[in-house]
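Subject: Structure for your review

Dear colleague,

Please find the structure below, followed by a short account of what was found in it. I would be grateful if you would read the two side by side.

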Amino acid sequence: MVAKAKKKKPPPGRNSTCFQLPWPVSTNSWLRCIAGRAIKTKKWRLWLKAAKEAIQEAYTDLPLECSDIAVHVHLEPPTNRRFDIDNFGGKPILDALQGEGGVFLDDDQVDMLTIVRGEKHPGGRALVLVTW
């Protein structure tokens, strides 16, 4: 007996959403050790709040549950100082995009992360494109 081959459905169309976020806080300044405990800094908490608000203005759907997510980050720094792009465009951006009020539930759903260093921009900003 020969089994019939199942028809494959075409892959679903890709969707995307864009955000402009304030210049991120470096991962080097997220935590402070006080009396042996790691405490998130006020600077980090304020940036995360501002980033979540910017995301919620542009993205009003429920967080995605799929795992084929790509995140592209274009960093435009406030100054011409040198910086490590992973300290500003990696973990801070993914943390802002995940969880309640975010685009996806957890950053382990991201299969691709691209970070590009851009030109100086007054005040700095991070331009983010999320594709799923």
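**A residue in helix α3**

D95 has its place in helix α3; helices here are DSSP runs of H or I with at least four residues, strands are runs of E with at least two, and both are numbered from the N terminus. The model is predicted, so local features need pLDDT of at least 70 and side-chain atom pairs count only at pLDDT 80 or more, while totals for chains, interfaces and linings use all residues. Residues are numbered from 1 along each chain as its sequence is written, and side-chain values use heavy atoms, with hydrogens and water left out.

D95 counts as buried because its relative accessibility is 15%; buried means under 20% relative accessible area, exposed means over 50%, and partly exposed lies in between, with a 1.4 Å probe and protein chains only. The side chains of D95 and Q98 are joined by a polar contact of 3.4 Å. Such a contact is a pair of N or O atoms within 3.5 Å; within protein, one must be able to donate a hydrogen and the other to accept it, and residues adjacent in sequence count only if both atoms are side-chain atoms. When neighbours within four places in sequence are left aside, D95 is in contact (heavy atoms within 4.5 Å) with W30, W44, L48, K52 and D107.

**The chain as a whole**

The chain has 3 helices and 6 strands, which run β-β-β-α-β-α-α-β-β from the N terminus on. Of its 132 residues, 38% count as buried. Its C-alpha atoms fill a box of roughly 70 × 40 × 25 Å along the principal axes. Among contacts between residues at least 6 apart in sequence, 82% join residues at least 24 apart.

**The hairpin**

Strands β2 (residues 31–34) and β3 (residues 37–40) pair in the antiparallel sense over 4 bridges; two strands pair if DSSP finds at least two bridges between them. R32 has I39 in β3 as its bridge partner, and C33 has A38. This hairpin has 2 residues between its strands, and A35 takes a positive phi near 50°.

**The nonpolar core**

In soluble globular proteins, nonpolar side chains tend to be buried together. A nonpolar core is a set of buried Ala, Val, Leu, Ile, Met, Phe, Trp, Tyr and Cys residues joined through side-chain atoms within 4.5 Å. Which residues touch the most other members of the largest nonpolar core? Of its 29 residues, they are F19, L21, V71, L97, V103, F104 and V130. At least two residues of this core come from each of β1 (16–22), α1 (42–58), β4 (69–76), α3 (91–97) and β6 (125–131). The largest share, 5 residues, is supplied by α1.

Not counting residues up to four places away in sequence, F19 touches A54, I55, A58, Y59, L97, V103, A126, L127, V128 and V130.

V103 lies in the loop between α3 and β5 (110–117). V103 is buried, because its relative accessible area is 0%. Beyond its neighbours within four places in sequence, V103 is in contact with residues including L62, P63 and L64. The C-alpha atoms of V103 and L64 are separated by 6.0 Å, although these residues are 39 apart along the chain.

Yours sincerely,
A colleague
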